[in-house]
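I set out to record which charged side chains pair in this structure and what surrounds the ligand. The entries below follow the order in which I looked things up.

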Amino acid sequence: MPSILFVCLGNICRSPAAEGMLRKKVDENGTLKNITIDSCGLGDWHEGQLPDERMRAAAKSRGLALTMRARSIRPKDMEEFDYILAASRTVINDLYHYATNPQEKGKIQLITAYSKTYHNQDIPDPYHKDAVDFDLVLDILEDCCDGLLNHLTSRYSST
Ligand code: 4NP
């Protein structure tokens, strides 16, 4: 079963929302047993913290509880995860510095690589913005996670 790592800057807004949303869709789908879904940030400014309360509120209004704790990226993540999905090109460029070989580099993609509507766009950083911007992140992630679930089920589904 594949392992998926979502990466943003602080691991308190975009990547934990992506982690929670994909896990919910995977659980509802029920055909991807033992898949690993995680998230992290490039920085350690919010290490150990819950997701930003604005993101938790926006997610809660969609029935999504975000209870994970922030962590920063570890070098071994590049080896351990199969899919390393970045919130933006800025994040991708930093992740390339962690890749130690072409295989690891090849795992790195934008989260929106799997989106129809927002294909290969950056997911805007909502941290210094307003509630509406947090909602937009979740709209984008819904589309990304639907596409990603389709991709994963067609490759790895056990039923
Ligand atoms: P995220 O948002 O990368 O989506 O978690 C941010 C959170 C915190 C900061 C920047 C972006 N920060 O500078 O602390």
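My notes cover the salt bridges, then the ligand site.

**Entry 1. Basis.** I worked from a predicted model.

**Entry 2. Salt bridges overall.** I looked up the salt bridges and found twelve of them in the structure. As background, I note that oppositely charged side chains can pair when their charged atoms come close.

**Entry 3. Asp-38 and Arg-71.** I examined the salt bridge between the side chains of Asp-38 and Arg-71, with 3.1 Å from N to O. Asp-38 belongs to strand β2 (residues 36-41), whereas Arg-71 sits in the loop between α2 (53-60) and α3 (77-80). The two are 33 residues apart, and the pair links distant parts of the chain.

**Entry 4. Asp-139 and Arg-62.** I recorded a second salt bridge, from Asp-139 to Arg-62, in which the closest N and O atoms are 2.7 Å apart. Because Asp-139 lies in helix α6 (residues 131-156) and Arg-62 in the loop between α2 and α3, this pair ties together parts that are 77 residues apart in sequence. Both partners are partly exposed: Asp-139 has 38% relative accessibility, and Arg-62 has a relative accessible area of 28%.

**Entry 5. Glu-142 and Arg-62.** I found that Arg-62 also forms a salt bridge with Glu-142, the closest N and O atoms being 3.7 Å apart. Glu-142 is in helix α6 and Arg-62 in the loop between α2 and α3, so parts 80 residues apart in sequence are tied together here. Glu-142 is partly exposed, at 25% relative accessible area.

**Entry 6. Ligand surroundings.** I listed the residues around the ligand: Cys-8, Leu-9, Gly-10, Asn-11, Ile-12, Cys-13, Arg-14, Trp-45, His-46, Asp-125 and Tyr-127. By class, this shell has six nonpolar, three polar and two charged residues.

Entry 7. I looked up which protein atoms lie by the ligand oxygens. A polar backbone atom of Leu-9 is 2.8 Å from an oxygen atom of the ligand. For Cys-13, a backbone N or O atom lies 2.9 Å from a ligand oxygen. In His-46, an N or O atom of the side chain is 2.9 Å from an oxygen atom of the ligand. I noted finally that the ligand has 360 Å² of accessible area on its own, of which the protein covers 88%.

Methods
Residues are numbered from 1 along each chain as its sequence is written. This is a predicted model: local features need pLDDT of at least 70, side-chain atom pairs count only at pLDDT 80 or more; totals for chains, interfaces and linings use all residues. Side-chain values use heavy atoms; hydrogens and water are left out. A salt bridge is a side-chain nitrogen of Lys or Arg within 4 Å of a carboxyl oxygen of Asp or Glu. Helices (H or I, at least four residues) and strands (E, at least two) are DSSP runs, numbered from the N terminus. Buried means under 20% relative accessible area, exposed over 50%, partly exposed in between (1.4 Å probe, protein chains only). A residue is near a molecule or strand if one of its heavy atoms lies within 4 Å of it. A polar contact is a pair of N or O atoms within 3.5 Å; within protein, one must be able to donate a hydrogen and the other to accept it, and residues adjacent in sequence count only if both atoms are side-chain atoms. Accessible areas come from the Shrake-Rupley method with a 1.4 Å probe; for residues, only the protein chains shown count as cover. Ala, Val, Leu, Ile, Met, Phe, Trp, Tyr, Cys and Pro count as nonpolar, Asp, Glu, Lys and Arg as charged, and the others, Gly among them, as polar.
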